[in-house]
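I opened the model to look up helices, sheets and a few single residues. My notes follow the order in which I looked.

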Amino acid sequence: MSEYVKKERENEEPQDQFEERVIEIARVAKVVKGGRRFQFRVTVVIGDGRGQVGMGVGKANAVPDAMRKASDRARKNLRKVFLLGTTIPHEVIGIVAGAKVLLKPASPGTGVIAAGGVRAVLEVAGIRDILTKSLGSATVLNVVMATFSALDGLKSPAIEAARRGKTVEQLTPFWARRKHG
């Protein structure tokens, strides 16, 4: 390889390590004096597969512009999620408006038992084994926001064990103890 090619590769920006998923593209209308003004609303979720995840919503007159806005907002809205191997440390419920999402840890090999927006959020976050249930409203945007609310409600195993007055070992699921012990 020539010296020029090596320098070009060194000068390149590091590749974006985030996985991006478009959850919803919706046409929305604003009623004005002369009729309706239509725009597109795009919901995007990004994550690094190692516990970082973000969501963004963008509106514009054209879908590509809305996607770019949503992607930029998702990058600014990144948050850390506590993981226990390939699952979450404890059960949690997220509520936004009329949507409720229940997230439950699952043993390795279970997979992501979820649908739609919940599945997309969990997969980009790096969660590979989880059980979920969506209750109440099925509005995609509210369900995704409820999933984020639930993920925000996750605590580190040490903090949750202290809150419940138990040891971390008592809180750890049996299949996780068996693997380490």
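I started at the end of helix H3. Gly126 follows H3 and has a positive phi, near 100°. I worked on a predicted model: local features need pLDDT of at least 70, side-chain atom pairs count only at pLDDT 80 or more, and totals for chains, interfaces and linings use all residues. Residues are numbered from 1 along each chain as its sequence is written, and side-chain values use heavy atoms, with hydrogens and water left out.

**Entry: H3 itself.** I took helices (H or I, at least four residues) and strands (E, at least two) as DSSP runs numbered from the N terminus. H3 covers residues 116-125. Is H3 enclosed or open? I found 8 of its 10 residues buried, so H3 is largely enclosed by the rest of the structure. Buried here means under 20% relative accessible area; exposed means over 50%, and partly exposed lies in between (1.4 Å probe, protein chains only). I listed the buried residues of H3: Gly117, Val118, Ala120, Val121, Leu122, Glu123, Val124 and Ala125.

**Entry: H3 against H4.** Next I looked up the packing of H3 with helix H4, residues 140-152. Axes are lines fitted to C-alpha atoms, for helices over the stretch in contact, and angles run from 0 to 180 degrees between N-to-C directions. H3 and H4 are therefore oblique to each other. The classes are roughly parallel under 35 degrees, roughly antiparallel over 145, roughly perpendicular from 65 to 115, and oblique for the rest. I noted a right-handed crossing for H3 and H4. A crossing is right-handed if the near helix is turned clockwise from the far one by less than a right angle, and left-handed if anticlockwise.

Which residues meet? From H3 I noted Gly117, Val118, Val121 and Leu122; from H4, Val143, Val144, Thr147, Phe148 and Leu151. By class, this contact of H3 with H4 has 7 nonpolar, 2 polar and no charged residues. Ala, Val, Leu, Ile, Met, Phe, Trp, Tyr, Cys and Pro count as nonpolar, Asp, Glu, Lys and Arg as charged, and the others, Gly among them, as polar. Contact means heavy atoms within 4.5 Å.

**Entry: the E1-E2-E3-E4 sheet.** I then traced an open sheet of 4 strands, ordered E1-E2-E3-E4, with antiparallel pairing. Strands E1 (19-32) and E4 (79-80) stand at the edges with a single partner strand each, so one side of each has no neighbour in the sheet. Two strands pair if DSSP finds at least two bridges between them. E1 pairs with E2 (residues 35-47) in the antiparallel sense, over 13 bridges. Glu19 has Gly47 in E2 as its bridge partner. H3 packs on this sheet, touching E1, E2 and E3 (52-60), and its direction makes about 140° with that of E1. H4 also packs on the sheet, touching E1, E2, E3 and E4; the direction of H4 makes about 150° with that of E3.

**Entry: the E5-E6-E8-E7 sheet.** I moved to an open sheet of 4 strands in the order E5-E6-E8-E7, with mixed pairing. Its edges are E5 (92-96) and E7 (112-113), each with a single partner strand, so one side of each is left without a neighbour in the sheet. E5 and E6 (residues 99-105) run antiparallel, joined by 5 bridges. Ile95 stands opposite Lys100 in E6. H4 packs on this sheet, touching E5, E6 and E8 (130-136), with its direction at about 135° to that of E5.

The hairpin of E5 and E6 has 2 residues between the strands, and there Ala97 takes a positive phi near 55°. E6 and E8 run antiparallel, with 7 bridges; Val101 has Ser134 in E8 as its bridge partner. E7 and E8 pair in the parallel sense over 2 bridges, and Ile113 stands opposite Leu131 in E8.

**Entry: Gly109.** Where does Gly109 sit? I found Gly109 in the loop between E6 and E7. Its relative accessibility is 73%, so Gly109 counts as exposed. Gly109 and Arg128 are 19 residues apart in sequence and 8.2 Å apart in space, C-alpha to C-alpha.

**Entry: totals.** I counted 7 helices and 8 strands in the protein. Of its 181 residues, 39% count as buried.
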